[in-house]
Amino acid sequence: MLIYLAFQMENKSFTIPDKNNYEQANLLAYKLACEQLAGIDDIESRCRKSGAEYRVEDFRKEVLIRYLDQSYRIAIPGGEISPLDNDGELPIREKLLIIHYFISAKGTPAAGRLINFRELPEGNVYAPTFDQRTIRPLLNNFAAEPDRLVEISKKFGGRPADFGDTAVTINAFERVLITIVIWKGDDELAPQGNILFDANISDYLPTEDITVLCETITWKLIRNSR
């Protein structure tokens, strides 16, 4: 599986690759994930576990999956991903997230208990970097006008949540909910933020992919706010 390179910045023994090498690493990881997909015998069972839909039309097999309130096709067995309702093209790392979610989903029900990043496997180690790449940009862009976060999140299926001063829950996937919480702060306290997950999230994505997913959502929200 692709190593999340941002975490490696904390270890001086690693050299950060340039953009081309990073893209090559993503492409390789995507190829490996597609090979895993091709090796799945019971696609219908995997659909039940992930909340996806399996379709066979004119000898064409595909899976329909929801990602950030949009529908995407996954060709079976090849793994090519295309949008159902528009002509847009997803970046390779988002395609990788979709494949990883589909092949990793265990189908466990929601735990009904929220956790933060530090409670994920190895999350405590990488929390400072996670905060820098997700929570800090969210606060920089939305803490002064948190209502904008609620409005912009609707483009990705977001809805208000009852946490902090302002919060939204976004269905990243059918069974992966991301809740962003902001406290505005005051004259004495700086704005604060957090990102929360159902406690079963590791049954659907590894910590590495959860990090990439949260960073992706963060920057989609920011770009749509400008």
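Buried means under 20% relative accessible area, exposed over 50%, and partly exposed in between, using a 1.4 Å probe and protein chains only. The model is predicted, so local features need pLDDT of at least 70 and side-chain atom pairs count only at pLDDT 80 or more, while totals for chains, interfaces and linings use all residues. Residues are numbered from 1 along each chain as its sequence is written, and side-chain values use heavy atoms, with hydrogens and water left out.

**Exercise 1. Leu84**

Work out whether Leu84 is buried, exposed or partly exposed, and list what Leu84 touches.

*Solution.* Begin with the place: Leu84 sits in the loop between strand 4 (81–83) and helix 4 (92–104). Helices (H or I, at least four residues) and strands (E, at least two) are DSSP runs, numbered from the N terminus. Next, take the relative accessible area of Leu84, which is 28%, so this residue is partly exposed. Then look for contacts, meaning heavy atoms within 4.5 Å. Not counting residues up to four places away in sequence, Leu84 touches Arg55, Leu64, Ser71, Tyr72 and Arg73.

**Exercise 2. Ser71**

Follow up one of those partners, Ser71, and find which side chain Ser71 joins in a polar contact.

*Solution.* Ser71 belongs to strand 3 (residues 70–76). Its relative accessibility is 12%, so Ser71 counts as buried. Leaving aside neighbours within four places in sequence, Ser71 is in contact with Ile65, Arg66, Pro83, Leu84 and Asp85. A polar contact is a pair of N or O atoms within 3.5 Å; within protein, one must be able to donate a hydrogen and the other to accept it, and residues adjacent in sequence count only if both atoms are side-chain atoms. The side chains of Ser71 and Arg66 are joined by such a contact, at 2.7 Å.

**Exercise 3. Helix 7**

*Solution.* As for cover, 15 of the 18 residues of helix 7 are buried.

**Exercise 4. The core**

Find which residues have the most contacts inside the largest nonpolar core.

*Solution.* A nonpolar core is a set of buried Ala, Val, Leu, Ile, Met, Phe, Trp, Tyr and Cys residues joined through side-chain atoms within 4.5 Å. The largest one has 60 residues, and Ile178 and Phe197 have the most contacts inside it. Helix 4 gives the largest share of this core, eight residues. Beyond its neighbours within four places in sequence, Phe197 has contacts including Leu114, Phe117, Phe130, Ile178 and Cys214.
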